[in-house]
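Trainee: I would like to go through this model with you. Where do we start?

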Amino acid sequence: MQLATIGYEEGTVDSFLQALTEAGIDLLVDVRAAARSRKPGFAKSRLAAHLQSVGIEYLHLRGLGTPEEGRKAARAGDHETMKGIYAVHLRTPEAQADLAKLLELVQSGRQVCILCLEGNPEHCHRSLVAAAVAARIPACIVHLHPGR
């Protein structure tokens with residue numbers, strides 16, 4: 001089993017879609033708390049439409065998003081604080097319920113990729129989500145990087 005991750009910060013819609021299709025992704029799971037974006041094409045409804053145009057399904061699991069205080073820490077470049085805040089959040093019932101959904105999807109054999117903004121997966125909570133999946137099931141984690 002495999003779980004991919006991707007951040008759209010450094011890519012365009014076209015390079016983002018190309019990275020997903022080249023990796024054979026058929027389901028993109030959005031793990032942003034709020035599926036909004038100032039970057040054109042990456043807000044929830046536009047993103048879902050772009051994905052649909054290339055045959056990729058979209059799912060938003062809001063419970064796996066980073067709480068506001070974690071997002072503030074990340075914007076300030078304090079990634080360790082963000083990780084600590086997110087580790088606490090990941091133990092909440094809402095996060096655990098959405099993590100269980102994600103686990104089911106990965107185990108079903110779908111080609112799943114989780115999405116957030118941050119270009120560097122080591123600075124993003126999606127790496128923590130991926131690690132939580134890999135701690136529960138034997139999944140190989142692959143980080144996709146859309147070109148510019």
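Trainee: Is His 50 buried or exposed?

Mentor: First, the ground rules. This is a predicted model, where local features need pLDDT of at least 70, side-chain atom pairs count only at pLDDT 80 or more, and totals for chains, interfaces and linings use all residues. Residues are numbered from 1 along each chain as its sequence is written, and side-chain values use heavy atoms, with hydrogens and water left out. Buried means under 20% relative accessible area, exposed over 50%, and partly exposed in between (1.4 Å probe, protein chains only). His 50 has a relative accessible area of 18%, so His 50 is buried.

Trainee: Which residues is His 50 in contact with, leaving aside its neighbours within four places in sequence?

Mentor: Contact means heavy atoms within 4.5 Å. His 50 lies in helix 2. Helices (H or I, at least four residues) and strands (E, at least two) are DSSP runs, numbered from the N terminus. With sequence neighbours set aside, the partners of His 50 are Val 13, Leu 17 and Gly 41.

Trainee: Why do the buried residues of helix 2 sit on the same side?

Mentor: The buried residues of helix 2 (residues 44-53) are Leu 47, His 50 and Leu 51. The arc is that of the directions from the helix axis to the C-beta atoms. An α-helix has 3.6 residues a turn, so residues three or four places apart point the same way.

Trainee: Which exposed residues does the face of helix 2 turned away from its buried side carry?

Mentor: Start from the buried side, which packs against helix 1 (13-22), strand 2, strand 3 (57-60) and strand 4. After helix 2 comes Gly 55, with a positive phi near 80 degrees. On the face turned away, the exposed residues are Ser 45, Gln 52 and Ser 53.

Trainee: At roughly how many degrees do the axes of helix 1 and helix 2 cross?

Mentor: Axes are lines fitted to C-alpha atoms, for helices over the stretch in contact, and angles run from 0 to 180 degrees between N-to-C directions. Val 13, Phe 16, Leu 17 and Leu 20 in helix 1 meet Leu 47, His 50 and Leu 51 in helix 2. The two axes come within 11 Å, and they cross at roughly 50 degrees.

Trainee: How are helix 1 and helix 2 oriented to each other?

Mentor: Angles under 35 degrees count as roughly parallel, over 145 as roughly antiparallel, 65 to 115 as roughly perpendicular and the rest as oblique. The axes of helix 1 and helix 2 cross at roughly 50 degrees. Helix 1 and helix 2 are therefore oblique.

Trainee: Within what arc do the buried residues of helix 4 fall?

Mentor: In helix 4, His 79, Met 82, Tyr 86 and His 89 are buried. Their cover includes helix 3 (68-75), helix 5 and helix 6. They line one face of helix 4, because seen down the axis they fall within an arc of 75 degrees.

Trainee: What separates the C-alpha atoms of His 79 and Glu 122?

Mentor: His 79 is buried, with a relative accessible area of 15%. His 79 and Glu 122 are 43 residues apart along the chain. Their C-alpha separation is 8.7 Å.
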